Amino acid sequence: MRRTHAFLACTSALLIAAQTGAQTALPDPLDAGYPAVLTPTRLVQSLADVPASVTVISAETIERFGIRSIPEALRLVPGMSVVQATGPDYRISYHGTNALSPRRMNVLIDGISVYRPAFSEVIWSQLPVAIEDVERIEVTRGPNSASYGPNSMLAVVNIITKNPNDVPLGSMAGTFGTNGVGEFTVRTGLRLGGTALRVTVSTSRDRGFDTLTQDVAGHDSLRIDRFAVRSHSRLAEHSTLDLQASIARGTAEIPFIDDFQQSYPDRRFEDTYAGALWTTQLAPNHELLLRLDHARQSNRQAWATCLPTVVLLPEMFALWRANPAYADAVLAGRVPTGGTPTDDALALAAIRAIQVLGAGALAPRCVRANQDLVQQRVDLELQDTYVFSGQLRVVAGLGLRHQSGESQTYLGGEQTSSVRWFFGNVEYRPTDRVTLNLGGYAERNSLSPSTFSPRAAANLRLAPGHTLRVVFSNGTRSPDIQEQRTNWSYRFEGVTPPLNGSTTAFFYQSRTGPGNLTNERIRSRELGYLLNAQSMGLLFDVRVFDDQLSSLISERTNLAGLVPTNAGSVRLTGAELQLTLRMPSGWNGYANYAYLDNRDATNILERTQWSRHSGAVGLSRDIADGWQAAIAYAGQSGDGYQQSAYGRAELSLSRAFTDGGTHWRFTFGLNRLDSPVTTYSNGSTEALESRRSNRLGAYVRLGVTVP
């Protein structure tokens, strides 16, 4: 009975700590020596009990190995495919598959999803978090729709930032390096009565690649400014309130959109996030969470282009709407046949309009185009956690979301959708050697059919420090607003010279959504083994998996291509291992490796991003007088269609010291690419290429902290 009471108290404390972003390495009375994680089930569990393989990247690892961005940190995750197509364009997906628009992985920052609802995407370069604020990154490797619903189909990345209570009074850090890299961060931590406050301001610049297939000048730099504030308040003895708000604003240079462009179509963005989390303990074994989040992402993207007059004719616009093949035939100088009488009449009208223009049909007319877009989502969720005993814990909840996309170009105005869900997970320990997890997530979405994603897992402790894991899970991804309800057309302003007396015109091509897409699905089977050798400071995890993905929407929505369908499928099988090493002699290290087989793909697009072999290794040493040295390597074989291999070696040397109560840390780093060229697929017959002029890179970093 005494053990059960201790377990209840520690579990409750861990729940509060994890929800507010505190350290994960707190002890569990039943599993001393194992890190504790929150993401897989929404229950705080030791790694020996979770129904999934989990990678934890700590703030210490990020600092020790000189990691300067979230995408680069994710190279430490076995099986994570990271491709930087251009300076601002990272394409990241667990196990890869479709490189055109990786969209099957959910990303959370302190519980707020940054997954964009209208276009099913995560823009990694625009995440509203500075790397200095990251306390840890938990990556659930495998479907986690059972806890977080559709869009958590392949994996979940949970970025947990530092608790305001743990932030010193003030800190500054600046980084300068090759390729035009410049970063500067200022942070302060304040205590105001029962409230702890963290405020962070940061700015960064990156010149990107030197040359691109689409622009020899390498127009792909990124400039971004971030502001983030987070507070933690104790309202009563058993009640707390966490508030957070952040904004990311800047410019991402875009090299190319159309063959006739006269200016660059750079994307100017402003992304804002806000959230509130109320936590109350109704009893020592009963906790309630209420969360309200809002996200708004705004992109302004305009450019000048000069197009042949014929593609601006209203008659051509009407003909394409009725019969795209007829419109293409007319532009090719042929008389179309085989259509309806209405098609024939529209074709005749278009031909006559072209004849009236004569040679002027090919004369350029300059216009202003845009792809402006605003996406928004509001989430409300209630979560209830109850500890019945040292053997049985339950978490359950329900929520609703309103989401929208507004774009005259992509959606013909504003489109909205709503989502309602219910989730739950039961953890049961019939004996000290066995942990069973059973959970599921049911969702009703106005865009697609209702779904239910179950998961069942059993963890068997073979001996102290040895755990066997078996997991069966299903997951889904819902079609997004654009896939389902796109109404894509370009309305140009400032037509010069005016066409038929008007300074506005439509591009002749357009696209409407199919409206009948259903959910993508995955069925996953996993067998895993976890070794915890505390005397050696060693934690080792290996898994083998068989994932069958079906009903995939492989095609990307576009003006002139194929209409998206649910005809895609692919099977992913393989094995992964990860190892962390922490020795009292000052040696620290990590290693991971993934073998992946991508087979039976029904669409070549599902093989545009995958690597049969990938991995990373790093080793660091604490030297006397505050010195540290670290060396690391990350690489992937790049077996995808039109995909190149990648490899990068890193070497860093740092020194930390204290002077007059102020803590200083200086770091010098070198890196070398195996190849200065990145090749990737954009869905066309020819691969695209991004090139750096030098394989070598270097940076210096100085950090100052006032306790």
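## Hairpins, sheets and cavities in a predicted model

Strands β31 and β32 form a hairpin in which 4 residues lie between the two strands, and aspartate 625 in the turn has a positive phi of about 65°. Here and below, helices (H or I, at least four residues) and strands (E, at least two) are DSSP runs numbered from the N terminus, and two strands pair if DSSP finds at least two bridges between them. The model is a predicted one, in which local features need pLDDT of at least 70 and side-chain atom pairs count only at pLDDT 80 or more, whereas totals for chains, interfaces and linings use all residues. Residues are numbered from 1 along each chain as its sequence is written, and side-chain values use heavy atoms, with hydrogens and water left out.

Confidence comes next, expressed as pLDDT (the predictor's confidence in each residue, from 0 to 100). The protein chain has a mean pLDDT of 92, with 95% of its residues at 70 or more. Over residues 1–30, however, the pLDDT is below 50, and this stretch has 68 contacts in the model beyond near neighbours in sequence. A contact means heavy atoms within 4.5 Å.

Valine 617 has tyrosine 633 in β32 as its bridge partner. The pairing continues from β32 to β33 (residues 646–659), again in the antiparallel sense, over 10 bridges; there, alanine 634 is partnered by arginine 648 in β33. Strands of a sheet pair through backbone hydrogen bonds, either parallel or antiparallel.

An open sheet of 3 strands shows the order β13-β36-β35 with antiparallel pairing. Its edges are β13 (211–212) and β35 (677–680), each with a single partner strand, so one side of each is left without a neighbour in the sheet. Between β35 and β36 (residues 688–691), which run antiparallel, there are 4 bridges, and tyrosine 680 stands opposite leucine 688 in β36.

The loop between β13 and β14 (222–236) holds aspartate 220. With a relative accessibility of 0%, aspartate 220 counts as buried; buried means under 20% relative accessible area, exposed over 50%, and partly exposed in between (1.4 Å probe, protein chains only). Leaving aside residues up to four places away in sequence, aspartate 220 touches Thr86, Gly87, Pro88, Arg207, Gly208, Phe209, Leu212 and Glu253. Its C-alpha atom is separated by 6.2 Å from that of proline 255, which is 35 residues apart from aspartate 220 along the chain. Threonine 279, in strand β16 (residues 267–283), is also buried, at 6% relative accessibility. Among the residues that threonine 279 touches are His238, Thr240 and Leu288.

Strand β9 is largely enclosed by the rest of the structure, because 7 of its 7 residues are buried. Both faces are covered, with Ala155, Val157, Ile159 and Thr161 buried on one side and Val156, Asn158 and Ile160 buried on the other. In a regular strand the side chains alternate between the two faces of the sheet. β9 pairs in the parallel sense with β6 over 5 bridges, where valine 107 stands opposite valine 157. Strand β8 (residues 134–141) runs antiparallel to β9 and is joined to it by 7 bridges, and valine 134 has threonine 161 as its bridge partner.

Helix α5 (residues 314–322) has Met316, Phe317, Leu319 and Trp320 buried. Seen down the axis of α5, these buried residues fall within an arc of 165°, so they line one face of the helix; the arc is that of the directions from the helix axis to the C-beta atoms. Their cover includes α6 (324–331), α7 (341–357), β25 (487–496) and β26 (505–512). Threonine 342 has its place in α7 and, at 51% relative accessibility, counts as exposed. The C-alpha atoms of threonine 342 and leucine 319 are separated by 9.4 Å.

Finally, the structure holds 15 cavities of 30 Å³ or more. On a 1 Å grid over the protein atoms alone, a cavity is a set of points where a 1.4 Å probe fits but cannot get out, and lining residues have an atom within 4 Å of a point. Grid points are joined across faces, edges and corners, and a volume is the space filled by probe spheres set on the points. The second largest cavity has a volume of about 660 Å³. It is lined by 42 residues, of which Arg42, Leu108, Gly111, Ser113 and Tyr148 lie nearest its centre. Elements that each supply at least two residues of this lining include α1 (2–19), β6 (105–109), β9 (155–161) and β17 (286–308).

Conventions. On a 1 Å grid over the protein atoms alone, a cavity is a set of points where a 1.4 Å probe fits but cannot get out, and a pocket is an open set with protein on both sides within 12 Å along at least five of seven lines; lining residues have an atom within 4 Å of a point.
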